[in-house]
Amino acid sequence: MNITSLMDGLEITVADDGGPIDPSQREKIFDKFYRIPTGNRHDVKGFGIGLFYTKKIIEKHGGSIQLVPTKKNTVFKVTL
């Protein structure tokens, strides 16, 4: 996690080591109840609402969240 002070706000960058998100899935990950298809594997539990609610809460505070594509991991940038 990295926190950067901006002239008019704050930027928080969070990365994980879960691998990159396929380009065809990137627009959908903030949709309510959307989960990236994993075929017949069920090793990751959830309902697909975490990123949806995260985005809504950040937007209610006047901010934004975006996915920053990389080849190694998943990176989210939150601006408040």
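View 1. Lys-56 and Glu-59 lie about one helical turn from each other because they are 3 residues apart in helix H1. Salt bridges with shared partners tie Lys-55, Lys-56 and Glu-59 into one network. The contact of Lys-55 with Glu-59 has an N to O distance of 3.8 Å. Lys-56 is partly exposed at 37% relative accessible area, and Glu-59 is partly exposed at 36%; buried means under 20% relative accessible area, exposed over 50%, and partly exposed in between (1.4 Å probe, protein chains only). The model is predicted: local features need pLDDT of at least 70, side-chain atom pairs count only at pLDDT 80 or more, and totals for chains, interfaces and linings use all residues. Residues are numbered from 1 along each chain as its sequence is written, and side-chain values use heavy atoms, with hydrogens and water left out.

**View 2. The chain holds 1 helix and 4 strands.** Their order from the N terminus is β-β-α-β-β; helices (H or I, at least four residues) and strands (E, at least two) are DSSP runs, numbered from the N terminus. The C-alpha atoms fill a box of roughly 45 × 25 × 20 Å along the principal axes. Of the 80 residues, 21% count as buried.

**View 3. Strands E1 and E2 run antiparallel.** Strand E1 covers residues 2–6 and strand E2 residues 9–16, with 5 bridges between them; two strands pair if DSSP finds at least two bridges between them. A hairpin of 2 residues connects E1 to E2. Leu-6 has Gly-9 in E2 as its bridge partner.

**View 4. Strand E4 pairs with E2 and with E3.** E2 and E4 (residues 74–79) are antiparallel and share 6 bridges, and Ala-15 stands opposite Val-75 in E4. E3 and E4 are also antiparallel, over 6 bridges, with Ile-65 paired to Val-78 in E4. The hairpin between E3 and E4 has 4 residues.

**View 5. Lys-77 and Glu-11 form a salt bridge.** Their closest N and O atoms are 3.9 Å apart. This pair links distant parts of the chain, with Lys-77 in strand E4 and Glu-11 in strand E2, 66 residues apart. Glu-11 is buried at 19% relative accessible area, whereas Lys-77 is partly exposed at 24%.

**View 6. The structure has 1 cavity of 30 Å³ or more.** A cavity is a set of points on a 1 Å grid over the protein atoms alone where a 1.4 Å probe fits but cannot get out, and lining residues have an atom within 4 Å of a point. The space in the largest cavity is about 30 Å³, a volume being the space filled by probe spheres set on the points, which are joined across faces, edges and corners. Its lining includes Pro-20, Ile-21, Arg-26 and Asn-73. Strand E3 (64–69) and E4 each supply at least two lining residues, and E3 gives the largest share, 3 residues.

**View 7. Phe-33 has a positive phi of about 70°.** Phe-33 is not a glycine. The residue sits in the loop between E2 and helix H1 (50–60) and is exposed, with a relative accessible area of 55%.

Technical notes
On a 1 Å grid over the protein atoms alone, a cavity is a set of points where a 1.4 Å probe fits but cannot get out, and a pocket is an open set with protein on both sides within 12 Å along at least five of seven lines; lining residues have an atom within 4 Å of a point. A salt bridge is a side-chain nitrogen of Lys or Arg within 4 Å of a carboxyl oxygen of Asp or Glu.
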